[in-house]
Amino acid sequence: MGRVAVVTGGTRGIGEAICLRLKDAGYTVAATYAGNDESANAFSEKSGIAVFKFDVSDFEACEAGIAKIEAELGPVDVLVNNAGITRDGTMHKMNFERWNEVIQTNLSSCFNMCRSVIDGMRERNFGRIVNIGSVNGRAGQYGQVNYAAAKSGIHGFTKALALEGASKNITVNAIAPGYVLTDMVRKVPQEILDKIVKTIPVGRLGDPDDIARSVMFLIE
């Protein structure tokens, strides 16, 4: 069996593409998901990749989830923090619940998952962590103060953890995708997507496998 890799939000979209790339490269892959059992089970049956259901915004759930994964598959050497949600709205219409849900799911999950695997990585003197940020964490986006703040936080989190892990052969990197054709982006009105595409030099939205190939470059 190859090294064990965990991908949060791994059963759809970018996460699914990353999982498939990892499996093809010989990794033993665990995909986590939050709630869509039908989609997760279909993904697992199609790909043969093990799925684990827990809430990455809950620290104790992450500890228990990683313990279960390691008991079934082995120690985790690769972690891809991909799970993310949107709860868009302008500041004057956003309540604390919508703010906090995005911060906890998109940003605090990175701490929860990294904290659950970092001791083992340090003991084995090896680890690969990739956090999925966003171009909107760098440039901002109208109606996304919660999402942009969370993704911007991921970038700072990544830089700091990379400094901590370097001496233990633990690399920590972030990828900041632009607009990628996933279920989340498909919810954006077509007229807005058309405007976005016009600003992209290659004239198209990203493909999930574009991000998956970048992840493979960073972990190998």
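Trainee: In which loop does Asn 125 lie?
Mentor: This is a predicted model, where local features need pLDDT of at least 70 and side-chain atom pairs count only at pLDDT 80 or more, while totals for chains, interfaces and linings use all residues. Residues are numbered from 1 along each chain as its sequence is written, and side-chain values use heavy atoms, with hydrogens and water left out. Helices (H or I, at least four residues) and strands (E, at least two) are DSSP runs, numbered from the N terminus. On that basis, Asn 125 lies in the loop between helix 4 and strand 5 (127-132).

Trainee: What is phi of Asn 125 near?
Mentor: Most residues other than glycine have a negative phi. Asn 125, which comes after helix 4, is not a glycine, yet its phi is positive, near 60°.

Trainee: Is Asn 125 buried, partly exposed or exposed?
Mentor: Buried means under 20% relative accessible area, exposed over 50%, and partly exposed in between (1.4 Å probe, protein chains only). With a relative accessibility of 38%, Asn 125 counts as partly exposed.

Trainee: Where is Asn 169?
Mentor: Asn 169 also has a positive phi near 60° without being a glycine. Its relative accessibility is 34%, so Asn 169 is partly exposed. Its place is in the loop between helix 6 (145-165) and strand 6 (170-175).

Trainee: At which residue does helix 4 bend?
Mentor: The bend at a residue is the angle between axes fitted to the seven residues ending there and the seven starting there. For helix 4, a bend of about 45° is found at Ser 108.

Trainee: Is helix 4 roughly parallel or roughly antiparallel to helix 6?
Mentor: Axes are lines fitted to C-alpha atoms, for helices over the stretch in contact, and angles run from 0 to 180 degrees between N-to-C directions. Helix 4 and helix 6 have axes 8 Å apart and pack at about 15°. Angles under 35 degrees count as roughly parallel, over 145 as roughly antiparallel, 65 to 115 as roughly perpendicular and the rest as oblique. The relation of helix 4 to helix 6 is therefore roughly parallel.

Trainee: In which crossing does helix 4 pass helix 6, left-handed or right-handed?
Mentor: A crossing is left-handed if the near helix is turned anticlockwise from the far one by less than a right angle, and right-handed if clockwise. Contact means heavy atoms within 4.5 Å, and the residues that meet include Trp 99 and Cys 110 of helix 4 and Ala 150 and Phe 157 of helix 6. The crossing of helix 4 past helix 6 is right-handed.

Trainee: How does helix 3 lie to helix 4: roughly parallel or oblique?
Mentor: The axes of helix 3 (residues 59-73) and helix 4 come within 9 Å and cross at roughly 40°. That angle makes the relation of helix 3 to helix 4 oblique.

Trainee: Which residues in helix 3 meet helix 4?
Mentor: Helix 3 passes helix 4 in a right-handed crossing. On the helix 4 side, the residues include Phe 111, Asn 112 and Val 117. On the helix 3 side they are Phe 59, Cys 62, Glu 63 and Ile 66.

Trainee: With which residues is Thr 90 in contact, leaving aside neighbours within four places in sequence?
Mentor: Thr 90 sits in the loop between strand 4 (76-81) and helix 4. Its relative accessible area is 17%, so Thr 90 is buried. Its contacts beyond those neighbours are Tyr 142 and Gly 143.

Trainee: What distance separates the C-alpha atoms of Met 184 and Gly 84?
Mentor: Met 184 is in helix 7 (residues 183-186). Leaving aside neighbours within four places in sequence, Met 184 is in contact with Gly 84, Ile 85 and Thr 86. Met 184 and Gly 84 are 100 residues apart along the chain, and their C-alpha atoms are separated by 9.6 Å.
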